[in-house]
Amino acid sequence: MIWFLLLLYASIAVALAAFGHRLGRHAFTVAVVPAGATTAWSVLGLGGDEPVTADLVWVAGLDLSLTFSVGPLAALMSLIVAGIGVGVFVYSAGYFAADAPGLGRFAATLVAFSGAMVGLVWADSIWTLFIFWELTSITSFLLVGHKHADPDVRVAARRALLVTASGGLSLLAGFVLVADVTGTSRLSEMSAAAGTSAAVAAVLVMVAAATKSAQVPFHVWLPGAMAAPTPVSAYLHSATMVKAGVLLVALGSPVFVDQPLWKVMGLSLGLTSMIWGARGALRHVDAKLILAWGTISQLGLMIALLSVGTGKAMFAAVSILLAHAVFKAALFMVVGEIDVRTGTRDIRELSGLWRSMPLATAVAVVSGASMAGLPPLLGFPAKEAAIEAVLGLSGAEAWVGGGVVIIGSVLTVAYTLRLLLGLFTGTGSPTPVARGRVRMTVPSVTLGLLSVAGFFFLGTVSEVVRSAATQVNAKAEVYDLVRWPGPTEALGVSMVVVAIGVLAGLVSHRRTEPAPAPMGAAVVDHLTDGTLVVARLITGRVQHGSLPVYLTTMAATAALATAPFLLALDRDVLHAWDSPVQAVLAVLVVAAALTATTVGSRLGAALSLGAVGIGVSGLFLVQGAPDLALTQLLVETVVVVGFVIGLGQLARRFPPVGSVWRGIRIGVAGLVGAGVAIGLAATATGPERPPLPLREASVEEGGGNNIVNVILTDIRALDTLGEIVVLVVVAAGVMALARAGRHRADPPLGEELA
Amino acid sequence: MSAAVIFAAAALAATGTYLITARTLSRIVLGFSLLGHAAVLALLASGGRAGDAPLANRSATDSMADPLPQALSLTAIVISFGLTLFLLALARREHELTGDDLVEDDLEDRRVAHVHPGADEGAAP
């Protein structure tokens with residue numbers, strides 16, 4: 001089933017890319033199919049005890065395989081990915097105008113992303129996970145850059161790609177170390193890693209998670225990614241792709257449980273992001289940016305909770321992940337609907353929408369309340385669990401973690417209130433509103449209802465979350481989401497949080513300062529530009545377009561690569577010559593080769609080449625290879641004739657060469673000569689001859705006494721056939737090149753007669 | 001292994017390298033030819049010391065040279081022959097078209113190095 005669903009995603013994506021432009025908005029109807037099937041299958045998989053696995057081994061020796069394992073956590077994640085995917089595809093059909101350009105491409109990329117994300121959450125082999133991780137980065141880049149005619153959009157897309165792709169490199173390096181330390185590439189088989197390599201791997205993997213989940217200081221790409229169409233923001237940049245980092249931290253936590261750096265990094269990245277993100281959400285006036293910064297903040301909370309490492313925190317993190325996916329996607333959908341129907345999403349301009357868009361208002365209020373952690377909504381028990389988890393810590397962790405999470409929660413309530421007040425109320429005249437679109441309303445209302453339903457079916461939700469959290473931390477088994485905890489410490493804290501948050505929200509709503517410049521983006525843009533400058537510099541240096549320099553570089557590199565052979569030199573296997581004739585011939589060959597190199601006339605060079613060939617034939621004869629000697633003589637004759645014919649029209653003398661360049665070439669040539677000598681001497685086998693099993697085979701099976709000929713015509717017959725084909729092709733090419741010139745030289749027949 | 005053969009192969013490789021890094025196509029052809037000789041000699045030398053021709057009815061197994069590298073070398077000789085002839089035809093054609101047989105630099109590649117780094121390559125010029 002795993003293969004079927006993944007192939008379904010792939011084939012639908014390809015089909016939409018090819019034919020989607022003919023379908024218009026119906027492309028999204030097709031796109032719903034794989035997401036719907038995956039949703040249904042994930043729901044069925046939620047209750048299963050044994051993970052469903054799929055395995056396709058590619059290179060067993062290198063442990064390269066496509067391996068999936070769908071346990072409770074993977075099923076929950078794919079339910080989120082595919083379920084919200086269904087909503088987003090329906091929503092997209094309403095969001096875009098019927099004649100919007102590039103709908104087929106957009107739908108295809110969105111399906112491809114959805115499939116990649118599903119593959120990512122199902123992956124069991126870290127290499128499989130890495131491949132899908134990178135696929136989500138690429139599809140995210142394409143989706144952010146959908147409106148590619150706008151230069152700002154291109155910059156934003158490039159920024160998103162560079163940040164997430166550099167995180168991908170970090171992930172690859174981390175995974176290589178992890179596989180080395182733990183001795184396996186299967187997440188399900190990994191045990192806690194120890195040692196320096198494990199510590200380095202922990203840092204690398206955490207950095208990768210932070211880039212994907214937009215944690216400070218890697219967060220700058222996410223607000224920029226809001227340049228994407230709103231369905232993309234709702235899907236990739238709040239509900240799913242940015243959760244990949246969170247999932248990675250969850251999956252990594254059992255492996256890095258003994259690494260203090262993992263915990264410290266996760267906590268500091270998460271807590272900083274929680275506060276910094278909330279600060280951003282309080283300062284922006286574009287509703288999508290408010291939501292994006294809010295996402296950074298919420299992801300920070302999840303990563304911090306996962307890094308704490310206790311069962312309770314793990315449990316709380318998974319519940320928030322689920323609740324966040326539901327309410328944030330709904331909020332994005334509402335903001336997108338407002339954007340489409342009013343033409344703006346600036347909270348200073350919008351006014352009176354609560355009257356004209358009551359349904360959207362209701363969805364936003366419900367989802368916002370869930371985000372703020374108010375009952376009777378799914379966000380409430382999740383946030384209670386989080387506060388309980390941090391209150392249960394001890395020592396400095398309790399003070400720092402507890403303090404930051406509480407401040408972060410206050411700010412969350414504040415920016416939620418500011419957003420809702422800004423979107424739906426206002427002092428100006430009511431904003432004119434265009435007609436509603438059913439396909440935009442249905443998904444957002446459904447998600448809004450889910451936030452409510454989650455609270456009333458809390459038992460089921462709690463069970464699902466518990467089994468998912470238990471998969472990575474067995475201690476999460478004992479926890480439950482509770483509808484109403486009674487008068488506990490955490491509830492008291494929550495009430496204070498809400499009270500202060502509401503006050504802060506009212507205050508910040510009053511403030512109407514201009515939108516600040518995107519924080520931190522300038523730094524990344526400088527880095528991006530710097531990378532491009534360096535890339536161009538290197539390209540300019542390396543790819544300079546000069547064939548001689550390419551060849552010199554390659555030859556020098558190859559020659560230097562033989563240096564290690566110096567250690568393997570053994571004088572005993574060498575002797576001066578097999579016979580004195582061999583020595584004389586070798587000297588002759590070298591002399592002729594030097595003449596061919598230095599002589600100034602083309603004819604002289606061609607004749608010297610002939611001399612080299614004859615000398616080499618002699619060496620063949622001495623070696624005991626008469627066939628080779630004969631062939632070489634024949635070939636050499638033809639080549640010399642060819643030189644004389646082919647170059648007959650050229651100037652007699654070669655053009656002069658610059659002296660510096662010539663010096664370099666002589667140096668490199670010397671290196672190559674030395675390299676060949678060292679390589680040959682080091683690999684020499686010594687005086688004894690290898691056994692000759694071919695002798696009997698040649699006579700009895702090949703029916704020939706000339707063993708070399710039998711090898712060529714019987715044993716390597718196919719190779720010889722290929723060789724003959726090469727010669728035919730060469731002959732055809734030579735003929736074509738020779739005749740190409742002749743045609744032009746020939747005068748037309750009629751003229752000749754006249 | 002015979003030092004004389006190693007010496008010859010190394011010298012052929014060195015002169016061949018020197019020639020293929022030239023700008024004149026006819027020199028490059030010469031260089032390829034010399035490199036081909038070097039490769040065949042190296043291949044042959046790797047089969048052990050000299051011996052009698054590998055003819056089953058004439059030579060004793062003990063004194064026979066290894067036939068396998070010889071068979072491989074024969075292929076190498078033929079292929080390098082084909083390559084040499086084709087390059088020669090190219091050099092001739094180049095001369096017919098341009099009047100000489102110099103290998104020019106790729107101007108497109110040169111241009112890459114000189115594009116203004118700050119410019120957005122996607123923007124209309």
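V584(A) lies in helix 23 (residues 580-598) of chain A, and because its relative accessibility is 52% in this predicted model, above the cut-off of 50%, the residue counts as exposed. Between the C-alpha atom of V584(A) and that of V400(A), a residue 184 positions away along the chain, the separation is 86 Å.

The confidence of the prediction was examined for chain A, for which the mean pLDDT is 88, with 95% of the residues reaching 70 or more. Within this chain, the highest confidence belongs to helix 5 (residues 126-144) of chain A, at a mean of 95, whereas the lowest is found in helix 30 (residues 749-753) of chain A, at a mean of 46. Over residues 748-754 of chain A the pLDDT falls below 50, and this stretch makes zero contacts in the model beyond near neighbours in sequence.

The interface between the two chains was considered next. In the model, 102 residues of chain A are in contact with 99 residues of chain B, and the two chains bury about 8800 Å² between them, of which 68% is on carbon and sulfur atoms. Zero salt bridges are found by the rule across the interface of chain A and chain B, while 15 residue pairs, with both residues at pLDDT 80 or more, are in polar contact between these chains. On the side of chain A that touches chain B, the most is given by helix 25 (residues 626-646) of chain A, which provides 13 residues; by class, that side of chain A is made up of 63 nonpolar, 24 polar and 15 charged residues.

Note on methods. Residues numbered from 1 in each chain as written. Chains lettered and ligands numbered in written order. Predicted model: local features only at pLDDT ≥ 70, side-chain atom pairs only at ≥ 80, totals over all residues. Heavy atoms only, no water. Contact = heavy atoms within 4.5 Å. Buried area = accessible area lost by both parts, 1.4 Å probe. Salt bridge = Lys/Arg side-chain N within 4 Å of Asp/Glu carboxyl O. Polar contact = N/O pair within 3.5 Å; in protein donor to acceptor, adjacent residues only side chain to side chain. Helix = DSSP H or I, 4+ residues; strand = E, 2+ residues; numbered from the N terminus. Nonpolar A, V, L, I, M, F, W, Y, C, P; charged D, E, K, R; others polar. Buried < 20%, exposed > 50% of the residue type's maximum accessible area, 1.4 Å probe, protein only. pLDDT = per-residue confidence, 0-100.
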